[in-house]
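Trainee: Could we go through this structure together? I would like to know what stands behind each term.

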Amino acid sequence: MVYSKVNKPIIRVDAYEKVIGKAKFAADLYFPNMLYGKVLRSKYPYARIVKIDIEKALTCPGVEAVITADDIPNNEFGVIVQNQQVLARQQVLYIGDGIAVVAAETKEAAAKALGLIKVEYEELPGIFDPEEAAKKGAPLVHSELENNQVVHHRLRKGDTERGFAQAEVILEREYTTQFVEHAYIEPESLVAVPYEHNTLVTIYGSIQNPFSCRNAVASVLKVPLNKVRIIQNHMGGSFGGKDEVMSSMAARAALLALKTNRPVKMVNTRDESILESYKRHPYKMKYKVGATKEGKLAAMEIKCLADSGAYACQTPFVTWRSVVQATGPYELPNVKTDTYGYYTNNVYTGAMRGYGSPQIIFAQESLMDELAEELKMTPMELRLKNIYHNNSITASGQKLDNHQVSLEEVINKAVEASNYKDKYREYSKPQSGDKKRGIGMAISFRGCSLGAEATDAAGAIVAIQRDGSILISCGLAENGEGLKTVFTQIAAEELGVDIRRINYMEVDTSVSPESGATVASRSTILGGNAVKNAAHQLKETLAEIVAAEFKIKTNNLDFKNENIYEKNKNQKIISFDEAITLANQQGIFLSVYGWYKAPDISWDEENGQGRPYFTYVYGCQIAEVEVDTATGQIEVLKMTAAHDVGRAINPACLKGQIYGGVMMGLGYGIMEEVETANGYIKNTNFDEYLIPTVKDMPEIIPVIVENPDPHGPYGAKSIGEPTLELGAPAIANAVAQATGKRIRHLPLNLERVLLGHSLSKGGTKK
Amino acid sequence: MSKVTVTFIVNGKEVTLKVGPKERLIDTLREQLKLTGTKEGCGIGECGACTVILDGKAVSSCLILTGQIGGSEVLTIEGLEVDGKLDSLQKAFIDCHAIQCGFCTPGMLMSAKALLIHNPHPNREEIKTALEGNLCRCTGYEQIIEAIESVAK
């Protein structure tokens with residue numbers, strides 16, 4: 001199939017305003033009469049609030065309002081479990097908990113007022129380790145609950161005892177991962193405007209999931225959803241991070257705006273952002289694997305503990321993706337997996353690109369290399385003996401029979417592009433000098449979209465205007481990845497028109513069809529299908545009009561190059577513009593809703609069996625590193641990333657996802673860690689929390705593999721998250737080859753490489 | 001504290017403003033002049049989102065006090081496009097897909113512009129050195145470098 005608009009590296013539809021500095025981010029908005037909001041946050045990770053005295057702050061010049069939990073109609077919100085406090089009422093549960101919010105004429109006045117609020121605390125002994133939190137009789141983080149467990153997911157397949165009895169080699173290993181910050185370059189920001197356009201409160205903001213934000217604000221205010229309107233601005237990065245933290249900010253700003261009857265702007269500083277925002281879950285993972293001498297996997301037992309921090313947030317679903325994918329893409333007759341989330345008084349954890357996969361992939365892909373070494377096989381050999389193929393049965397008992405299972409293809413393509421086999425042989429020989437090289441691989445399968453987490457559907461409006469220009473509005477939000485461009489390409493392809501005809505609107509919750517969240521790498525496959533569906537309906541309407549006018553059969557029409565042709569004859573009948581004029585004259589409505597509901601899935605929470613996702617993507621990344629064994633420094637020389645995406649709607653945007661995801665994976669693997677000590681966060685800005693700079697870049701080779709999926713628009717599936725989940729284990733495997741030492745804890749920083757342990761633990765507060 | 005009067009040039013236009021003694025250039029640009037193309041990401045000169053060109057050099061405008069730049073010349077992202085014509089770097093960023101969320105883009109462009117003012121034909125390593133202080137979390141930098149390379153040829 002030859003396409004004219006999709007499968008092409010068309011330039012981004014939002015690029016122009018972004019290069020001229022006129023793209024409006026939330027902090028760039030100024031409303032008449034606007035106030036500035038600031039949050040007073042906790043002094044301690046865990047404490048009882050004895051008394052809050054706001055009297056002095058209220059008399060501070062310029063201060064218009066001070067709000068505490070007592071002023072909030074419904075103080076607890078949450079997408080899955082409603083237990084996150086908008087402002088701490090009786091207890092602060094982590095160091096980023098807000099206690100009061102101030103609205104003032106200037107930022108300076110607001111900051112001054114915060115200093116005048118007196119809070120009397122009774123500090124409490126907190127729990128900062130999920131293993132401690134899991135113990136019987138452990139002090140409770142949420143006193144109304146019976147224990148600290150957020151969730152427990154199980155998966156049982158076959159009989160692991162029998163499997164291990166048959167195994168000739170058994171390995172047991174423990175791996176751990178760290179807290180990681182999203183580090184979107186734009187800190188959280190929004191403006192709440194009261195009583196605008198017949199709406200109680202309108203919020204313009206850097207909000208990843210406008211609909212979940214609306215749900216939260218409406219529930220906090222105890223008003224119907226149609227009284228709250230969220231309009232998304234350009235968003236300066238999110239990566240899963242601008243969800244609950246934005247809901248909380250939106251609720252606080254809305255309360256202040258309604259109390260003062262004035263617009264209220266809130267913008268976090270970087271320090272506030274890192275202190276308050278949720279992080280990637282640290283995991284403690286115990287893996288036991290059994291195999292035959294020939295390298296056939298016989299059984300696997302997995303136990304993962306996730307630190308949920310103070311709130312449940314997304315932990316129940318993050319750990320669910322982990323339980324589905326914990327074995328990796330390997331055929332295993334016998335599996336027993338348990339994933340748990342526990343409350344602690346650490347910073348809370350939530351969605352971050354990958355969503356429960358980077359942790360388990362680090363463990364399982366490290367484990368495969370350790371097993372290969374034990375079996376005296378190459379890592380590639382062991383993987384090829386066990387990977388999924390068409391019709392393989394997953395650990396969840398799902399037969400992979402509805403799409404191309406392309407693991408072997410992505411492995412082979414990555415191996416070829418990286419010259420893996422030669423380099424693996426070369427680096428296996430003794431190396432002289434301090435600098436040693438290694439090459440390592442990691443592979444994954446990843447369920448597309450939400451799976452059995454939640455109802456999975458999306459909608460879009462495509463509306464042709466009187467002059468033939470077109471508006472698209474979808475409930476899924478541009479996060480910077482190129483969603484607007486991809487959806488525009490799909491509509492243009494379907495209608496056979498130029499990209500420039502189309503304007504993609506920002507998400508407006510009062511107008512756009514609710515489509516769930518822009519998460520789980522689901523936008524292209526779900527939203528793309530919805531846009532395609534809407535454009536297709538319009539095409540059929542126009543075809544009927546044209547067919548009747550020119551006495552041709554509707555199915556004999558072809559929409560392309562801004563015209564409508566008679567098929568086969570390749571003869572132009574009418575231009576697209578003329579067809580629109582015709583429709584206008586006949587009073588035909590040219591605005592439609594498109595809808596796409598994902599295919600059915602199933603899940604048995606008791607045994608983890610079913611069809612958790614309707615389709616999967618496959619990837620392989622190969623890292624080549626040089627380790628300075630005298631200093632512990634790792635230089636990543638080259639990353640090769642092969643990903644089957646179904647169909648690349650925009651190959652240039654797709655490469656951008658690969659480059660960006662690989663770099664984020666590199667940061668996760670070797671440098672990034674939010675360091676906590678007894679609940680205090682030690683590194684709260686970019687001088688101490690280091691993310692990869694341009695100087696940390698390896699050579700990155702993207703390899704795009706296309707096996708169109710029957711469910712995807714033009715066969716397209718997912719790319720955002722798969723790109724990030726493989727880097728850390730590929731690097732860890734390369735480092736192990738280079739140094740002969742296996743590091744089972746992320747990140748692989750200097751101390752761990754040089755000394756074998758981290759020096760950063762200890763200390764108390766910042 | 002009393003305000004001081006300072007005169008300097010922004011994007012080719014002379015401005016005279018009253019500023020507080022602690023007022024940072026980024027706040028003057030964004031709040032007094034409403035030139036919001038310059039972004040704040042960290043406030044400590046680590047992320048580069050607030051990069052502007054001050055007397056021909058790329059600087060973090062969060063680390064400059066406006067009161068100290070009297071007589072200087074400031075170029076911001078809004079001044080790159082002249083008479084409706086994009087700077088060749090802006091065009092290259094569009095064509096090479098050097099943009100994702102766009103928040104670091106103005107700072108990246110200003111760092112790149114400052115580089116090309118002094119070195120019109122930098123190599124890849126020189127480009128990397130010029131962008132070292134500009135963080136990007138989306139793009140992995142590759143397409144940004146490609147964009148600058150396409151102009152620097």
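Mentor: Gladly! Chain A is divided into domain 1 (15–21 + 457–597), domain 2 (31–124 + 188–267) and domain 3 (283–451 + 604–754), with bounds from an automatic or database domain assignment. This is a predicted model, where local features need pLDDT of at least 70, side-chain atom pairs count only at pLDDT 80 or more, and totals for chains, interfaces and linings use all residues. Residues are numbered from 1 along each chain as its sequence is written, while chains are lettered from A and ligands numbered from 1 in the order in which they are written.

Trainee: What makes residues of chain A and chain B count as in contact?

Mentor: Two residues are in contact if their C-beta atoms, placed from the backbone, lie within 7 Å. By that rule, 42 residues of chain A are in contact with 39 residues of chain B. Helix 17 of chain A gives the largest share of chain A's side, 7 residues; helices are DSSP runs of H or I with at least four residues, strands are E runs of at least two, and both are numbered from the N terminus.

Trainee: How do you know whether the radius of gyration of chain B agrees with a compact globule?

Mentor: The radius is taken over C-alpha atoms, and the globule rule is 2.2 Å times the number of residues to the power 0.38. For 153 residues that gives a value near 15 Å; chain B has 15 Å, so the two agree.

Trainee: And which secondary structure elements does chain B have?

Mentor: Chain B has 5 helices and 5 strands, in the order β-β-α-β-β-β-α-α-α-α from the N terminus.
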